[in-house]
Protein chains: 2
Amino acid sequence: MIREYYTITELTREFDISTRTLRFYEDEGLIQPVRRGRTRLFRPSDRHLIRQIMRGKRLGFSINEIREIIQMYKEPPGEIGQLNLMIKRIEEKREDLRQKRRDLEETLAELDQAEESCVERLAELGVTT
Amino acid sequence: MIREYYTITELTREFDISTRTLRFYEDEGLIQPVRRGRTRLFRPSDRHLIRQIMRGKRLGFSINEIREIIQMYKEPPGEIGQLNLMIKRIEEKREDLRQKRRDLEETLAELDQAEESCVERLAELGVTT
DNA sequence: ATCTGAATTGACTTTTACGTAAATGCCGTG
DNA sequence: CACGGCATTTACGTAAAAGTCAATTCAGAT
């Protein structure tokens, strides 16, 4: 169900991160939850941003890189020069991701091989799989 | 061409890293170049290891995780318990990589969308692609 | 023999991404 | 209204992964 607001602890549980981390992301300008008094209220859009941040983290992007990527998800700018610049940046990030994909496939392939070696070795030792 | 030995600077140029970094990896036990006097001589196998390390880095793995992965590439152990344990570890890493792949595809998809928005916006502004 | 350029070691510094602790605010419940 | 339980702010701490710097050493060219 989609709700109006999430509390900070709800989100720490959902994403398995600490409150410190969420406040840190706010300090870094990655998210801007609204306030009721001093208490942070997170909207669905903030939650979605957090999901994107976690994805970026798992892929090994730094906070700065994640900030850049998040910029790209936002509304495109109105000025032609800015638009062309943004398209260029997006293309760079995509190339970056394609490199990661190659790295990933190669690593997976080598792990497949490693596992096969183990299974063969087990067979040699007379273990029935 | 495959050579007997590489010097440290050759490899720093090839992989675009510093000598400090290679020495750091040696301190961490990831590579073990042989010595002639005090000078390090890197064999093709060391070079290949460095390639694997760089791949791991690009994928956001920590030195410890990379160390684990490198262990998996080595000769499988001789004892059945160890073999089964290693197979389990390999499977865990693969699951990790599959998660990264999902993250990667999602991020790429969102970037595709972002670029499309930019292109549309350019069209609205009357720019002929 | 001297010079030069590359390599080495060791110590210290830096950056990133949070963790942790202390002191305090807010709020619903008994 | 006192209490327990989250939240918040401020400040300092830390581990990982190198960067930087200084002092030296060594091999090869002149």
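Modeller: A word on confidence first: pLDDT is the predictor's confidence in each residue, from 0 to 100. This is a predicted model, in which local features need pLDDT of at least 70 and side-chain atom pairs count only at pLDDT 80 or more, while totals for chains, interfaces and linings use all residues. Residues are numbered from 1 along each chain as its sequence is written, and chains are lettered from A and ligands numbered from 1 in the order in which they are written.

Colleague: What pLDDT does chain A average?
Modeller: In chain A, 98% of the residues score at least 70. Helices (H or I, at least four residues) and strands (E, at least two) are DSSP runs, numbered from the N terminus. Confidence in chain A is lowest in strand β1 (residues 34-36), at a mean of 91, and highest in helix α5 (residues 80-124), at 96. The average for chain A is 93.

Colleague: Which element gives the largest share of the side of chain B that touches chain A?
Modeller: Two residues are in contact if their C-beta atoms, placed from the backbone, lie within 7 Å, and here 33 residues from chain B meet 33 residues from chain A. On chain B, α3 (44-58), α4 (63-73) and α5 (80-124) each supply at least two residues of that side. The largest share, 24 residues, comes from α5(B).

Colleague: How many residues of the side of chain B that touches chain A are nonpolar?
Modeller: Ala, Val, Leu, Ile, Met, Phe, Trp, Tyr, Cys and Pro count as nonpolar, Asp, Glu, Lys and Arg as charged, and the others, Gly among them, as polar. By that sorting, this side of chain B has 11 charged residues, four polar and, for the nonpolar ones, 18.

Colleague: Which element gives the largest share of the surface near DNA strand D?
Modeller: A residue is near a strand if its C-beta atom, placed from the backbone, lies within 6 Å of it. By that rule 17 residues surround DNA strand D, the closest being Thr9(A), Arg40(A), Ser18(B), Ser62(B) and Ile63(B). These 17 comprise three nonpolar, eight polar and six charged residues. The largest share, three residues, comes from α2(B).

Colleague: Which residues have the most contacts inside the largest nonpolar core?
Modeller: A nonpolar core is a set of buried Ala, Val, Leu, Ile, Met, Phe, Trp, Tyr and Cys residues joined through C-beta atoms within 7 Å. A residue is buried if 20 or more other C-beta atoms lie within 10 Å of its own, exposed if 12 or fewer, and partly exposed in between. The largest core has 13 residues, with α3(A) giving the largest share, three residues. Those with the most contacts inside this core are Ile50(A) and Ile53(A).

Colleague: Is Asp16(A) buried or exposed?
Modeller: Asp16(A) lies in the loop between α1 and α2 of chain A, and has a positive phi of about 55 degrees although it is not a glycine. Because Asp16(A) has 8 C-beta neighbours inside 10 Å, this residue counts as exposed.
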